[in-house]
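Here are my notes on the model, in numbered points. Please read them with the coordinates open.

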Amino acid sequence: MAAEKLRDLSQPIDVPLLDATVSAFYGTGSKDERNAADLILRDLQSNPDTWLQVVHILSSTQNLNTKFFALQVLEGVIKYRWNALPVDQRDGMKNYISDVIVKLSSDENSFRRERLYVNKLNIILVQILKHEWPSRWRSFIPDLVAAAKTSETICENCMAILKLLSEEVFDFSRGEMTQLKIKELKQSLNSEFQLIHELCLYVLSASQRTELVRATLATLHAFLSWIPLGYIFESPLLETLLKFFPLPSYRNLTLQCLTEVAALNFGDFYNLQYVKMYSIFILQLKGILPISANIPEAYAQGSSEEQAFIQNLALFFTSFYKFHIRILETAPENITALLVGLEYLIDISYVDDTEVFKVCLDYWNSLVLELFEAHHNLDNPAATVNMMGLQMPLLHGLADGHGSQLMQRRQLYANPMSRLRLLMICRMAKPEEVLIVEDENGNIVRETMKDNDVLVQYKIMRETLIYLSHLDHEDTEKQMLKKLSKQLNGEDWTWNNLNTLCWAIGSISGSMMEEQENRFLVMVIRDLLNLCEVTKGKDNKAVIASNIMYVVGQYPRFLRAHWKFLKTVVNKLFEFMHETHPGVQDMACDTFLKIVQKCRRKFVILQVGESEPFVSELLTSLPTTIVDLEPHQIHTFYESVGTMIQAESDPQKRDEYLQRLMELPNQKWAEIIGQARQSVDFLKDPEVVRVVLNILQTNTSAAASLGTYFLSQISLIFLDMLSVYRMYSELISASIAEGIPYASRTSFVKLLRSVKRETLKLIETFLDKAEDQPQIGKQFVPPMMDPVLGDYARNLPDARESEVLSLFATIINKYRGAMIEDIPRIFEAAFQCTLEMITKNFEDYPEHRLKFFSLLRAIATHCFQALILLSSEQLKLVMDSIIWAFRHTERNIAETGLNLLLEMLKNFQASEFCNQFYRSYFLTIEQEIFAVLTDTFHKPGFKLHVSVLQHLFCLVESGSLTEPLWDSSTVAYPYPNNAMFIREYTIKLLGSSFPNMTATEVANFVNGLYESRADLSTFKNHIRDFLVQSKEFSAQDNKDLYAEEAAAQRERERQRMLSIPGLIAPNEIQDEMVDS
């Protein structure tokens, strides 16, 4: 192939041939041609001498792609080899690039025609500058400014170069340059900015060329965030920018520059300039966009340029107010301008664009929080009570100036805050509990996927509305009820309006005083129930139903206090359970469970005016209530009724209720078992298997809420259930053993396995929830040994249920030491055979992995004596499996393995086998932990890695080990103690693993481990520094190394939220006194 001769770089490259090769690579020729061209171009790119041909290529070719190829080669040299090149080659290349740029940009036609090429050359020049400037090219900025003054097109390109330079140094430098180099470049830019500043002002005052002015504004925008403030506030720059603001072609760029200035925050020195800038800005804005304009409509119909203007306007106002709102509150004329600006921002917040709304919402949230905190005096509980409603005449603070200042500030913002409440109510995001949504075709459907962005937005809006509610409860209530009445009379009725209103009502739960909340809710629920009665149409009813359910689910305190309402609401939910509209039944069952969990006692006591407790009435009508529900909804319903029954304190009544609850499934179960006794094949019918599965799931749901009180029911079906389990297990094994490919994945085998899993889940749920009563363990564990454990061992790997492992982990965690005699049996049945399944690789049987290590941890924690009795081979198996676990990149498995390792280390340290154990495993554990600590794949385990190392280093200094850890037959040098040996061993281990670190650095790190071992946080920081120093973790996302500190910060935030009524929804608070 002719192109082969391109590889010979001993003579000038054949440019037409290179053009043809590049065209073949980008062309539409055959795949082989493209691949051949690709190979040659790659070889040229990797050849260290190709760059010497760059000037020849650039000056000879007209093909843009070839030029880009040559510049790509050059860029690689500049990035990685520039400083190694001889000075004359560097200077030659620097001058050539500069000359080409000047030549192309001095002529209007070539500058427009070759724009892409010039842009790429600019990038190359800036890459060279990062190496050469300031030390080896001191005159760069003066040269550039001088060139800019020679022609307007050169000036326009110089602006582009300056903008690139600013971005490279200030925005993209991290990880690209050393801190020292970044600092040097920043200082150079700062010291030479005078020339750039003069050039920009000169262009803006003298040039008539739109492109040049736009380029200059774009460059200024890049510089404004870091230049010395005098250049902004003590020069005509701001006035010049404000002059450009009204002109349509410069409006957006100017607004971006003004936003950068607004976001600067350096004390009060330039307050007057800020006030002046803001006042002129508002005056000009009124001319561009009258205050009476309908901004959301203008945005919807506007061009992309006009939409960008509204977005930039939002950014300007929010940036300015975030840092300088206080200075506008001082004089009456400023206050007027401030209120006008807030009005604009509220109008912009109605724009139907997620990004614009996010910008506004973030600011509103911070402003409202600031106003709220000024009034929420946590140190004075008496004041706090008044603060809730902010009826403030009694507050002590009002006597002094600060109090009256607070009041004035509150008055000042009263009107914008009232408008903001309406905004929040009209635009409220959808909460997680709401399952009924409008799709893009305008149909009401069940939600299929959670939208996380919407949930985050809901959280911020809810918080904002709660602060707004605390600032003025009366106004909040008035606005909500007014909007609700408009729904009722049809004036404002749309699905969206009703949804947002009800979501807003639900979201402020807990923020009002109880008396006010009661009055408010009586009206809301009454109106919503009326609306449901009078509105026709299936979709409309579904929307109203979903809103009623959401609101009532948010106010458990109100329902607990008002039995009549509670009963009405629950009966309404039962009505909705017959409504076949997608999502309504699901939501009705979920809301029923939520309400019952918070009001359980109310249903089992005899209420005034009732002939029997509600639970009894419910059980009588249960078959008709659940007749239209799907199986999974029935399970939720059973869990809810179980929760009610659990609240009954009279054992006799409780058993009677449980018997009535389980009547339907028990009847069906008895029929099936009866038939099976006559012919066992009856159980093999897929339909029967499905019914068995459904019955077991119903039992599991009831067991989850009843706990110990489920004993009478589970005893009734337990032995028959184990027989079915064994039979299905044998059927599965037989199907798989027949060797039909994919037998384990056939629908019938999957169905049988579901029954086995549900059986295990039911037993586990019951034993887990049951109170700690040894006789329950004695009754249920022995009969399971063979049908469950023995069956696990006998099965083929594909037929083993991982739930067996988690069931026995639950049993050991529950009955602890009482299980010690059974451990050998469990070990024999489950250990070896599971290990064989999970140690072939890191992927197969993921469920078995996690549950296996959980079982092992339960044994190590509660039955440690049983581990001591294992043979040394068996113990080695255990230790190998633990190391296998924490090498896992699957976070849960690695964490379980590390926790298990810590348990073992502590338990063995306290046992008589301490020396033996550590002599066998100390070095292996240390080596393996350092391996996962430093390999960057196991960052989430950092906290536990540190804990294990701290344990090991404390141990060798503690005196617990009385024998040497080294093997004297292989180690000739007699160390004075274990600490010295481990120090040497660790230095050797790390020295060989990190050849890039000096021996001194490694020795200092190891000495530091010994010195800081007693204090976990110093020890942890010491290791963090080592990881960054070892270069393995530089330029990576290291947030996992700080996970613990982040968790502590989240807990502090939760405590703060708990102190403000309503911020944590009543449903999320674990109230012990639910409804006594």
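**Notes on the fold and its packing**

1. The protein has 50 helices and two strands. This is a predicted model, and every value below is computed from it.

2. Overall extent first. Taken along the principal axes, the C-alpha atoms fill a box of roughly 105 × 90 × 70 Å. The protein has 1076 residues, and 53% of them count as buried.

3. Next, contact range. Take the contacts between residues at least 6 apart in sequence: 74% of these join residues at least 24 apart.

4. Which residues touch the most other members of the largest nonpolar core? They are Phe317, Tyr321, Trp364 and Phe592, and the core holds 362 residues. Helix α36, residues 711-737, gives the most to this core, with 12 residues. As background, nonpolar side chains in soluble globular proteins tend to be buried together.

5. Phe592 deserves a look of its own.

6. Now a helix pair. Helix α32 spans residues 631-646 and helix α35 spans residues 686-706. Their axes come within 7 Å and cross at roughly 30°. Angles under 35 degrees count as roughly parallel, so α32 is roughly parallel to α35. The crossing of α32 past α35 is right-handed.

7. Which residues meet where α32 packs on α35? From α32 come Pro631, His635, Tyr638, Glu639, Gly642, Thr643, Ile645 and Gln646. From α35 come Asn694, Gln697, Thr698, Ser701, Ala702, Ser705 and Leu706. By class, the residues of this contact divide into five nonpolar, nine polar and one charged.

8. Is leucine 807 buried or exposed? Its relative accessibility is 0%, so leucine 807 counts as buried. The cut-off for buried is under 20%. Leucine 807 lies in helix α39, residues 803-815.

9. Leaving aside neighbours within four places in sequence, leucine 807 is in contact with Leu760, Ile763, Glu764, Leu767, Met784 and Val788.

10. Last, a distance to check on screen. Leucine 807 and valine 15 are 792 residues apart in sequence. In space, C-alpha to C-alpha, leucine 807 and valine 15 are 74 Å apart.

Note on methods:
Residues numbered from 1 in each chain as written. Predicted model: local features only at pLDDT ≥ 70, side-chain atom pairs only at ≥ 80, totals over all residues. Heavy atoms only, no water. Axes fitted to C-alpha atoms, helices over the stretch in contact; angles between N-to-C directions. Helix = DSSP H or I, 4+ residues; strand = E, 2+ residues; numbered from the N terminus. Parallel < 35°, antiparallel > 145°, perpendicular 65-115°, else oblique. Left-handed = near helix turned anticlockwise from the far one by under 90°. Contact = heavy atoms within 4.5 Å. Nonpolar A, V, L, I, M, F, W, Y, C, P; charged D, E, K, R; others polar. Core = buried A, V, L, I, M, F, W, Y, C linked by side-chain atoms within 4.5 Å. Buried < 20%, exposed > 50% of the residue type's maximum accessible area, 1.4 Å probe, protein only.
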